[in-house]
Amino acid sequence: MPYGDVMTQNPPVELDVRVAILNSFLTTPHRKIEELAPLHASALANDPLFYSRLALWYFAKGEVRDHKLLFVAHLATSEYPEFREAAWVLLQKLAPYEVSRALDHTKKVIGKTPRSFKGAVAHYLQTRENNPRQFDGAAMRARNDLKHLYASLRIKPGPRAQAILFDEQPPTDSPLYSLKQLAKASSAEEQARIIIEHKIPYTTAVGALKNVTPVVLVALIESMSPQEVINNMAALKKRGALDNPEVKALVDQKLEAAKTDKRVSTLKAKKALTATKLDAETEKALTEIMDQRVASKVEIKRPTALFVDKSSSMSQSIEVSKQLAGLISAVTTADFYVYAFDTAAFEITVNAPEGKRPALSDWEKSFQFIKANGSTSIGVSLAQMTKKRQYVEQILIVTDEGENSSPLLADAWIAYREAMKAAPSVVVVQVGGYYDRFAQSLMDRGVELTRYRFDGDYYSLPNVLELLAQPSRAELVEVIMGYELPRRPDLVPQGA
């Protein structure tokens with residue numbers, strides 16, 4: 001069954017290409033990007049204008065980086081010169097490992113790598129060669145990926161690139177030369193000096209060292225970005241970074257900086273929290289990072305309800321909903337209601353600090369007693385809202401759509417519309433399954449319905465915010481279509 005907008009009241013359910021590709025943002029491919037290739041290819045073929053603008057919107061708003069390299073690969077191999085030019089520009093924004101994977105995708109999955117793609121990669125590499133510090137940093141982190149780009153596309157490396165990547169004789173002013181010196185250094189002080197002066201990455205430095213002392217740990221953390229500290233929290237703890245007061249203070253400084261660093265992934269801190277047992281202070285800092293990064297995403301202005309399916313076998317629905325509740329409440333300026341349901345509905349509220357919006361950490365506490373059990377009445381939550389006269393314009397439901405008890409959602413929606421003089425749109429995040437009969441019953445009553453399939457990890461959930469932030473589905477498309485295709489700097493007329 002295709003997932004996406006339900007555009008007709010008569011079966012079969014039709015596929016709307018635009019929503020199908022938006023749906024894919026709830027799927028993180030775990031680096032198996034070839035599984036999403038047919039969807040990208042179909043979207044490009046059936047609605048090329050929208051697909052090209054969606055790529056630009058996603059580069060500005062999206063969090064899952066795998067999608068970005070997919071957009072580049074498919075635009076770069078399209079039949080439209082304007083799209084290939086846009087891909088040329090977007091490719092320059094990728095990390096070396098992403099460019100390498102985009103190249104492999106064009107070769108192995110799409111089946112062609114046009115000259116314009118090679119030109120984009122050549123410019124990408126030349127730009128970095130022209131900036132030795134940038135090139136050396138890239139070579140330190142992604143040496144094999146850079147070698148792959150040069151060799152696969154037969155791009156001649158400059159002298160420095162040749163020496164570093166292929167001759168393995170890095171110049172004395174290169175961090176890679178210093179990495180060799182690091183392995184030979186006899187004292188912790190000398191090791192620390194080399195790490196700090198040449199900004200040697202944590203994972204690279206650790207591989208070259210036999211012992212990591214507190215002095216070296218300080219140097220390593222000093223050279224790490226806030227995101228790298230979060231990513232390596234478990235390893236840092238294992239090496240005693242959180243037990244040494246001086247080292248712990250430096251970790252705390254990096255976590256404080258992460259709260260306002262736009263490069264920090266919204267939910268990477270969540271992974272750090274679940275990966276290892278941390279002290280209360282560090283857990284609080286990571287939770288605050290999640291809260292503040294979420295709050296910086298978008299603004300939801302429409303009154304919204306979240307319905308959480310807690311019937312039997314819906315434990316994943318509860319976990320997904322918990323994350324969504326934290327994400328939505330952090331960015332909404334309108335009323336927001338949360339109900340968990342089986343055959344009865346239970347409103348979930350939070351106790352946030354006075355003057356502050358509820359944060360993800362507050363929802364974690366409120367959801368702790370919600371357990372999967374019972375049969376399924378999806379309409380019971382809306383029936384409760386009708387009794388309480390709670391007005392919303394959109395309803396987000398996390399469910400497998402398997403309702404088997406009354407009131408059914410379609411009937412409850414009619415009652416709500418008559419009582420509240422409102423016709424809220426319904427967005428379903430499918431977890432664990434789907435039932436077309438459920439969707440058909442809503443369509444038959446004129447409900448504006450969108451169905452998304454969640455089949456990935458939680459890093460992709462912030463993408464839902466953008467889908468809820470627009471007053472309507474049509475306006476979301478309008479925002480996306482407002483993006484203009486970029487042009488290569490050398491092709492933009494002077495004075496333009």
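The predicted model holds 20 salt bridges, a salt bridge being a side-chain nitrogen of Lys or Arg within 4 Å of a carboxyl oxygen of Asp or Glu. Side chains of opposite charge can pair when their charged atoms come close. Residues are numbered from 1 along each chain as its sequence is written, and side-chain values use heavy atoms, with hydrogens and water left out. Because the model is predicted, local features need pLDDT of at least 70 and side-chain atom pairs count only at pLDDT 80 or more, while totals for chains, interfaces and linings use all residues.

One of the salt bridges joins K248 and D252, whose closest N and O atoms are 3.0 Å apart. The two residues are four apart in helix 16 (residues 245–258), and are therefore separated by about one helical turn. Helices (H or I, at least four residues) and strands (E, at least two) are DSSP runs, numbered from the N terminus. An α-helix has 3.6 residues a turn, so residues three or four places apart point the same way. K248 is buried, with a relative accessible area of 8%, whereas D252 is partly exposed at 23%; buried means under 20% relative accessible area, exposed over 50%, and partly exposed in between (1.4 Å probe, protein chains only). K248 and D252 also belong to a network of salt bridges that includes D279 and E281.

A further salt bridge is formed by E393 and R302, with 3.6 Å between the closest N and O atoms. E393 lies in the loop between helix 21 (379–388) and strand 4 (394–399), and R302 in the loop between helix 18 (280–295) and strand 1 (304–309), so this pair ties together parts that are 91 residues apart in sequence. E393 is partly exposed at 28% relative accessibility, and R302 is buried at 12%.

E401 and R451 are likewise joined by a salt bridge, with an N to O distance of 2.7 Å. Since E401 is in the loop between strand 4 and helix 22 (409–420) and R451 is in strand 6 (residues 449–453), the pair ties together parts that are 50 residues apart in sequence. Both residues are buried, E401 having a relative accessibility of 1%.

Backbone geometry was examined next. E401 has a positive phi of about 70° although it is not a glycine. The loop between strand 4 and helix 22 also contains P407, and the peptide bond from S406 to P407 is cis, with omega near 0°. Phi is positive in K421 too, near 55°, in a residue other than glycine. K421 is located in the loop between helix 22 and strand 5 and is exposed, at 72% relative accessibility. Most residues other than glycine have a negative phi, and most peptide bonds are trans.

Helix 23 (residues 436–443) has six of its eight residues buried, so it is largely enclosed by the rest of the structure. The buried residues are F438, A439, Q440, S441, L442 and M443. Their cover includes helix 22, strand 5 (425–430) and strand 6, as judged by contact, which means heavy atoms within 4.5 Å.

K310 is placed in the loop between strand 1 and helix 19 (315–331) and is buried, with a relative accessible area of 9%. Leaving aside neighbours within four places in sequence, the contacts of K310 are I318, A340, F341, D342, F346, I370, K371, A372 and N373. Of these, D342 is 32 residues from K310 along the chain, and the two C-alpha atoms are separated by 5.6 Å.

Helix 7 (residues 115–129) and helix 8 (residues 132–152) pack at an angle of about 145°, with axes 9 Å apart. Axes are lines fitted to C-alpha atoms, for helices over the stretch in contact, and angles run from 0 to 180 degrees between N-to-C directions. Helix 7 contributes V121, L125, T127, R128 and E129 to the contact, and helix 8 contributes P132, Q134, F135, L146, L149 and Y150.

The protein averages a pLDDT of 86, and 90% of the residues score at least 70; pLDDT is the predictor's confidence in each residue, from 0 to 100. Over residues 1–15, pLDDT stays under 50, and the model has 37 contacts beyond four places in sequence for this stretch. Where pLDDT is low, the predicted coordinates should not be read in detail.
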